[in-house]
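Have the sequence and the 3D view ready, and follow along residue by residue.

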Amino acid sequence: MADIVFDSDCRITFPSKYHGDVSLSQAKWNQICSEPERFYYRHNGEKVATTLVNPDFVRHHKTIASQLIYYKRFDSFKIAERVEGPMPCKLMAVVIDTATQRVCTVYPTDKPKAGSKEYKPAGS
């Protein structure tokens, strides 16, 4: 899958490993992908789902208590429909808001946000 495929309500729902289903609107995805330096995001839509369901780790947002950041390491990103290559940033970060059960943003990064503590699910 290249870009994310939205339903007739212009939304998609993703399961997350620790926080139930979260939704992403087509308008939010378009906003996330709108900047020129983010041209390749649309070619990596499947990484959003993978990050949420199989994260390498999850951290609390530093200042917003209801937000968590799911991180997943990927060795490469698609930069065009049939062109994949290494990127300087190795982690995909997906920020979710547990109060609204929505995806807030998505971005690649080389390291987790400073000051955020790791999320530990109850019973672990």
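## A charge above the rings

How far from the centre of the ring of F77 is the charged end of K47, which sits over that ring? The distance is 5.4 Å. K47's charged end also sits over the ring of F74, 5.1 Å from its centre. Here, a charge sits over a ring if NZ of Lys or CZ of Arg is within 6 Å of the ring centre and within 35 degrees of the ring normal.

Before going on, a word on the ground rules. This is a predicted model, in which local features need pLDDT of at least 70 and side-chain atom pairs count only at pLDDT 80 or more, while totals for chains, interfaces and linings use all residues. Residues are numbered from 1 along each chain as its sequence is written, and side-chain values use heavy atoms, leaving out hydrogens and water.

## Rings that pair up

F74 and F77 belong to one aromatic cluster with F39, Y40 and Y41. Searching the whole structure turns up seven aromatic pairs. Rings of Phe, Tyr and Trp (its six-membered ring) pair if their centres lie within 6.5 Å; planes under 30 degrees apart are stacked, over 60 edge-to-face, and the rest tilted.

Take Y18 and Y119: their ring centres are 5.5 Å apart and their planes at 55 degrees, so this pair is tilted. Y18 is in the loop between β1 and β2, and Y119 in the segment after β8, so the pair ties together parts 101 residues apart in sequence. (Helices, H or I of at least four residues, and strands, E of at least two, are DSSP runs numbered from the N terminus.) Y18 is partly exposed at 33% relative accessible area, while Y119 is buried at 17%. Buried means under 20%, exposed over 50%, and partly exposed in between (1.4 Å probe, protein chains only).

## The lysine in β4

Now look at K72 in strand β4. Is K72 buried or exposed? At 13% relative accessibility, K72 counts as buried. Its side chain reaches the backbone oxygen of N54 at 3.3 Å, and a polar contact of 3.4 Å links the side chains of K72 and D56. A polar contact is a pair of N or O atoms within 3.5 Å; within protein, one must be able to donate a hydrogen and the other to accept it, and residues adjacent in sequence count only if both atoms are side-chain atoms.
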